[in-house]
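Please read this note with the sequence and the model side by side.

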Amino acid sequence: MQNEQDLEKLVHAHTAALLRYCTGLLGCEADAQDAVQKTFIKAWQQRHTLRHDGTDNERAWLYRIAYRTSLDMLRAIKRAAATPPRSRWSRTPASAKSCARR
């Protein structure tokens, strides 16, 4: 992935599958959409880490990023739920409110 056209191809090829994967991990499609978006942002920012010598493939690389991103989001949600609000005017992070299942 060297340019924006390569990124666009990657997004079109993998978004649906990554969305299903992240929904399974997070249990919520809204959070999964956020995770997938963050995954592609991180992939673009870290594109230099993708090996082009045949030892790494883009799909596995994206899934690793998506997995770690989802875990980070779950940790943030857990921290937000465990931390009591400081005052009645405190705002709950959007990720902590986004899914009713929690």
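1. Basis of the note. This is a predicted model, in which local features need pLDDT of at least 70, side-chain atom pairs count only at pLDDT 80 or more, and totals for chains, interfaces and linings use all residues. Residues are numbered from 1 along each chain as its sequence is written, and side-chain values use heavy atoms, with hydrogens and water left out.

2. Overall make-up. The chain has 4 helices and 0 strands, where helices (H or I, at least four residues) and strands (E, at least two) are DSSP runs numbered from the N terminus. Read from the N terminus, the order of elements is α-α-α-α. The chain has 102 residues, and 26% of them count as buried. Buried means under 20% relative accessible area, exposed means over 50%, and partly exposed lies in between (1.4 Å probe, protein chains only). Contact means heavy atoms within 4.5 Å. Of the contacts between residues at least 6 apart in sequence, 62% join residues at least 24 apart.

3. Helices H1 and H3. The axes of H1 (residues 4-26) and H3 come within 10 Å and cross at roughly 40 degrees. Axes here are lines fitted to C-alpha atoms, for helices over the stretch in contact, and angles run from 0 to 180 degrees between N-to-C directions. The crossing of H1 and H3 is right-handed; a crossing is right-handed if the near helix is turned clockwise from the far one by less than a right angle, and left-handed if anticlockwise. On the H1 side the contact includes Leu-10, His-14, Ala-17 and Tyr-21, and on the H3 side it includes Arg-59, Leu-62, Tyr-63 and Ala-66.

4. Is His-14 buried or exposed? His-14 is buried, because its relative accessible area is 16%. Leaving aside neighbours within four places in sequence, His-14 is in contact with Phe-40, Arg-59 and Leu-62. Tyr-21, also in helix H1, is partly exposed at 29%. Not counting residues up to four places away in sequence, Tyr-21 touches Tyr-63, Ala-66 and Tyr-67.

5. Salt bridges. Side chains of opposite charge can pair when their charged atoms come close. A salt bridge is a side-chain nitrogen of Lys or Arg within 4 Å of a carboxyl oxygen of Asp or Glu, and the whole structure has 2 of them. One joins Lys-42 and Asp-72 at 3.9 Å, N to O. This pair links distant parts of the chain, with Lys-42 in helix H2 (residues 29-45) and Asp-72 in helix H3 (residues 58-82), 30 residues apart. Asp-72 also forms a salt bridge with Arg-75, the closest N and O atoms being 2.9 Å apart. Asp-72 and Arg-75 are separated by about one helical turn, because they are 3 residues apart in helix H3. Shared partners join Lys-42, Asp-72 and Arg-75 into one network. Lys-42 is partly exposed at 29%, Asp-72 is partly exposed at 39%, and Arg-75 is partly exposed at 45%.

6. Charges over rings. A charge sits over a ring if NZ of Lys or CZ of Arg is within 6 Å of the ring centre and within 35 degrees of the ring normal. The charged end of Arg-47 sits over the ring of Trp-44, 3.8 Å from its centre. Likewise, the charged end of Arg-59 sits over the ring of Tyr-63, 4.7 Å from its centre.
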